[in-house]
Every structure is written in structure tokens, then in C-alpha cells.
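Please work through the exercises below with the sequence and the model side by side, trying each task before reading its solution.

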Amino acid sequence: MSHVPTIPPAVKKQMDEGTFCPIPFIQLELSPLGSVSACCFSGEYKVGDVADQTIEEIWNGEIIQTWRNEFLTGDIKICEKAIKNFGCQKNYQHLNHLVEYKVIQSKMPQRLDLRLNGKCNLECVMCDVWSQPNGLYDKSDFWSIGPEKIYPYLKEVDMLGGEPFIQKDTFRFIEEVSKINKDCTWGFITNCHYRISKQLRDGLDGLKIRHIHLSMDAITTKTYAAIRLKGDFERVLETVMDYVSIRNEREIQGRGFTLFASICVQRDNWHELPEFLNFCDKHRIQPIVQELIGKHELSLQELKPQYKEELHTLYKEKIPNHYQGHIESILNNLGFID
Ligand SMILES: C[S@@+](CC[C@H](N)C(=O)[O-])C[C@H]1O[C@@H](n2cnc3c(N)ncnc32)[C@H](O)[C@@H]1O
Ligand code: SF4
């Protein structure tokens, strides 16, 4: 007879209310800086560092145990703001069944959010990641314990960086995992500033892809060049269209995936949001309207009052009803509460 674990009453209550999150029990997020968290939505709350700990030590270390205990007891502090502001826990509740209701987990992480290296081919104005280090995980136990203790049991992976598809580690990781685990599902965030090589096409072809998120930030050459420094919009657009074709082909084969495209709305691109949303509609891409984190000097708050008014009018007139929810927070933050 299979053993059905008893769900602690505090967890049951959160599950009923939709506030429980399995992530601290099942995921590690590895940053290029070598600092390790369970989740990016927490503000990358640090649970360890590969400079002086192994991945195994971090995974059941004191800090992550405290994080898990908050969910076991219902006294949520670390994730309080994230749950309130983003409702991020809802992205992961399909994984609740993977949780052991204990501060120490007997299994290694079953989900990875991987940002192994800072290496990038662009230097976006709102981003610091491209200047972050490379190779720190080569000095840790990540690659040595992975094949035996982590990869066979992975349920989901998210890969970003830096730019994942210009990093050797991405292809190494995909190859090592897919050799022994065909069921893991994959999500990628990419800048599309490259041509899709045979290696990339073949690598993706063998995977169960949940989504590919295309970071665009602009819909014209001029705006792209102002935000995604070193970037060429024409090259990006070609690759975006290649991903649309790959998605369409895979849909016909019955193994489609979601295409997202994002715009990180800021001082230099706010006026392109309506056109960006039209582009997404035209190609059946789901838009993600990202709010700028940090970089106050680039934020919409810094616009002159006249431009804030222009933004309000443009968004109310040109953004279709089905996307008004996507801009609610932007308008609220600018003091426009309709
Ligand atoms: C750091 S990038 C890494 C993946 C890849 N290089 C790319 O650009 O898609 C991941 C995402 O973070 C977003 N991002 C970068 N800096 C940001 C900031 N200051 N605020 C909000 N989002 C940001 C990017 O637009 C991108 O969608
Ligand atoms: S492409 Fe991505 S990682 Fe590179 S600088 Fe831009 S946002 Fe940062």
C-alpha cells in the first residue's frame, strides 16, 4: 500500500487559500555570482554561496530550513512581499505534490533555475548580469554530483543567464540531462541576438519545452539600439520569427510550447508598448510587460509630467481591452488610478 503523507494543518490552510508555495522545498536558483537562492521572486534571498559551501550543504542548510519552516508553520516572512505583490506561488502549485513536509528534504532539488554565467553578447542598459562572473560553478560540486544525484530526478528547468544560448554550459547541461532524463520540461529566457545554429536547433528538438521567452524591449531599430546596447534589432527579429516557425512546426507535431515576448517598460521604450502588443497578437506570442527593477534613473517615474500624461492617454487609447490588465500596475505606480 502506498504511503500518503499527512499534510500539516498550516500547509493545508495555505493550500486552501492558494498561498502555499512548494519552491523552497524543491528548487535552487544558481546565480552567476555564486550566491544561491531558492527563488528569484524572493529578491534572490540568499541561502548559501558556492565560494565556501557545496550545493549539497546549501540544499539542506540552516537558512533554507528556516525558509521551509515558514511554510510548514504558516508564519511567512521571506516570501511575504513576493506573494502579496506578484502572487508568484501560483506559478508553481502544480508541483505541490513533490514536497516532503519537512525542513530537510531527502531528495535533491527537482527544479532548477539556472543562471550559471554572466556571459552575454549584449550590455542592456537596465541589466548588470552581463558584467557578472563566469565559471564559478566549475569550482563547485554542481557538475560532479549532477549526473547521479540531481539530473535523473529533475522535473523542471529554467535556463537564463547571461545569455544562455551563447554559453557552452547550456549545451553541456542540456546534453547531460537529456541523456538520462527525457521527462524533464524546460523553459528558456533568451535575447535572440544570434542565428539559430544546428546545435541549438537539435538541442531544443530533443526537449520537452514549456516555454521560450524572447526578450525584445523594443519594436524599432532605434529604440532597440538605445536599450539593448551592442544589439541589432534586425538580427533579433529574424530569430524571433525563426522561433515562431519552430513553435508552429512543433504544434503540428503535437508538441507545441508557449512563446512569450517581453518588454521591460522604461524611459526609452514606453511609447512602443502598443505596437509591441500588436506584434505579439499578430504572431500568437504571449506578451510579458516587465516592470523595471532598480535603475531608478531609467524608470517611468523620472519622466516629465507632460510625458506621463502622454503615456496615460496613449495606453488608454491604443492598448486593447484584453491587455489593460497588463498595464494596471504601471499606471497605478504613476498615480493614474482609473
Ligand atoms: C537577465 S536576462 C537573461 C536572459 C537573456 N540574456 C535575456 O535578455 O533574455 C532575463 C530577463 O531579465 C530582464 N531584465 C534585465 N534587467 C532588468 C531590470 N533591471 N528590471 C527588470 N527586468 C530586467 C530582461 O529583460 C530579460 O527578460
Ligand atoms: S541580453 Fe539579457 S543578460 Fe544580456 S545584458 Fe541584456 S538583459 Fe542582461
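The exercises that follow treat a residue, a helix pair, a sheet and a ligand shell in turn.

The model is predicted, and local features need pLDDT of at least 70, side-chain atom pairs count only at pLDDT 80 or more, while totals for chains, interfaces and linings use all residues. Residues are numbered from 1 along each chain as its sequence is written, and chains are lettered from A and ligands numbered from 1 in the order in which they are written.

**Exercise 1.** Locate Pro8 and decide whether Pro8 is buried, exposed or partly exposed.

Solution. Begin with the segment before helix H1 (9-17), where Pro8 lies; helices here are DSSP runs of H or I with at least four residues, strands are runs of E with at least two, and both are numbered from the N terminus. Next, apply the burial rule, in which C-beta atoms are placed from the backbone and a residue is buried if 20 or more other C-beta atoms lie within 10 Å of its own, exposed if 12 or fewer, and partly exposed in between. Pro8 has 15 C-beta neighbours inside 10 Å and therefore counts as partly exposed. Finally, leaving out residues up to four places away in sequence, Pro8 touches Leu72 and Tyr101, where contact requires C-beta atoms, placed from the backbone, within 7 Å.

**Exercise 2.** Determine how H1 and H4 are oriented to each other.

Solution. Helix H4 covers residues 62-73, and H1 packs against H4 at an angle of about 75° with the axes 6 Å apart; axes are lines fitted to C-alpha atoms, for helices over the stretch in contact, and angles run from 0 to 180 degrees between N-to-C directions. Because angles under 35 degrees count as roughly parallel, over 145 as roughly antiparallel, 65 to 115 as roughly perpendicular and the rest as oblique, H1 and H4 are roughly perpendicular to each other. The contact is made by Ala10, Val11 and Gln14 of H1 together with Phe71, Leu72 and Thr73 of H4.

**Exercise 3.** Identify which residues come nearest to ligand 1.

Solution. Among the 19 residues around ligand 1, those that come nearest are Met126, Cys127, Asn191, Ser215 and Ile293, a residue being near if its C-beta atom, placed from the backbone, lies within 6 Å. Strand E7 (185-190) and strand E10 (258-265) are the elements that give two or more residues to this shell.

Notes
Two residues are in contact if their C-beta atoms, placed from the backbone, lie within 7 Å.
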